[in-house]
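Have a look at the structure first, then read on.

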Amino acid sequence: MNRLKDFIEWKVFGVCTYLGEKWGVATSTIRMYFIYLTFLTMGSPILFYLFFAFWMNIKQYIWSARRNPIRYL
């Protein structure tokens with residue numbers, strides 16, 4: 001069970017980890033509330049999660065393109 005937990009924590013998009021670091025809240029607490037909200041609202045927070053994961057990924061590409069000095073060659 002710990003291997004599954006470690007896989008999910010490291011390989012999933014990292015949205016809860018990012019929010020936990022940004023807000024200063026434990027990541028496990030954010031995950032717990034996210035799961036509860038997902039069940040209570042019948043899955044609507046999953047859309048927020050996927051949008052935020054997509055945005056974090058695009059943001060990394062934008063920042064890496066700005067720092068690349070040879071991008072116009």
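Let's start with T38, which is buried, at a relative accessible area of 14%. Buried here means under 20% relative accessible area, exposed means over 50%, and partly exposed is what falls in between (1.4 Å probe, protein chains only). T38 sits in helix α3. Leaving out residues up to four places away in sequence, T38 touches G43, P45 and I46, where contact means heavy atoms within 4.5 Å.

A word on what you're looking at: this is a predicted model, in which local features need pLDDT of at least 70 and side-chain atom pairs count only at pLDDT 80 or more, while totals for chains, interfaces and linings use all residues. Residues are numbered from 1 along each chain as its sequence is written, and side-chain values use heavy atoms, with hydrogens and water left out.

**The overall layout**

The protein has four helices and zero strands, so named from DSSP runs (H or I of at least four residues for helices, E of at least two for strands) numbered from the N terminus. Read from the N terminus on, the elements go α-α-α-α. Of its 73 residues, 18% count as buried. Take the contacts between residues at least 6 apart in sequence, and 50% of them join residues at least 24 apart.

Helix α3 has 14 residues and reaches 20 Å from its first C-alpha to its last, close to the 20 Å expected at 1.5 Å a residue; the expected span is 1.5 Å times one less than the number of residues. Just after α3, M42 takes a positive phi of about 60°.

How do α2 and α3 pack, and at what angle? Helix α2 (residues 15-23) and helix α3 (residues 27-40) meet at about 125°, with their axes 8 Å apart. That makes α2 oblique to α3. For reference, angles under 35 degrees count as roughly parallel, over 145 as roughly antiparallel, 65 to 115 as roughly perpendicular, and the rest as oblique. The axes are lines fitted to C-alpha atoms over the stretch in contact, and angles run from 0 to 180 degrees between N-to-C directions.

On the α2 side, the contact uses C16, T17, L19, G20 and W23, which meet T27, I30 and R31 in α3. The residues of this contact divide into four nonpolar, three polar and one charged.

T27, in helix α3, touches C16 and T17, again not counting residues up to four places away in sequence. In the loop between α2 and α3 you'll find A26, which counts as partly exposed at 41% relative accessibility.

**Over to α4**

F52 has its place in helix α4 (residues 44-67), and at 16% relative accessibility F52 counts as buried. Neighbours within four places in sequence aside, F52 is in contact with V15, Y18 and L19.

Here are some C-alpha to C-alpha separations for pairs that are apart along the chain:

| Pair | Apart in sequence | C-alpha distance |
|---|---|---|
| A26 and C16 | 10 residues | 9.2 Å |
| T27 and G14 | 13 residues | 9.8 Å |
| F52 and C16 | 36 residues | 9.9 Å |

C16 is listed with A26 at 9.2 Å and with F52 at 9.9 Å, and C16 is also one of the residues T27 touches.

Technical notes
Ala, Val, Leu, Ile, Met, Phe, Trp, Tyr, Cys and Pro count as nonpolar, Asp, Glu, Lys and Arg as charged, and the others, Gly among them, as polar.
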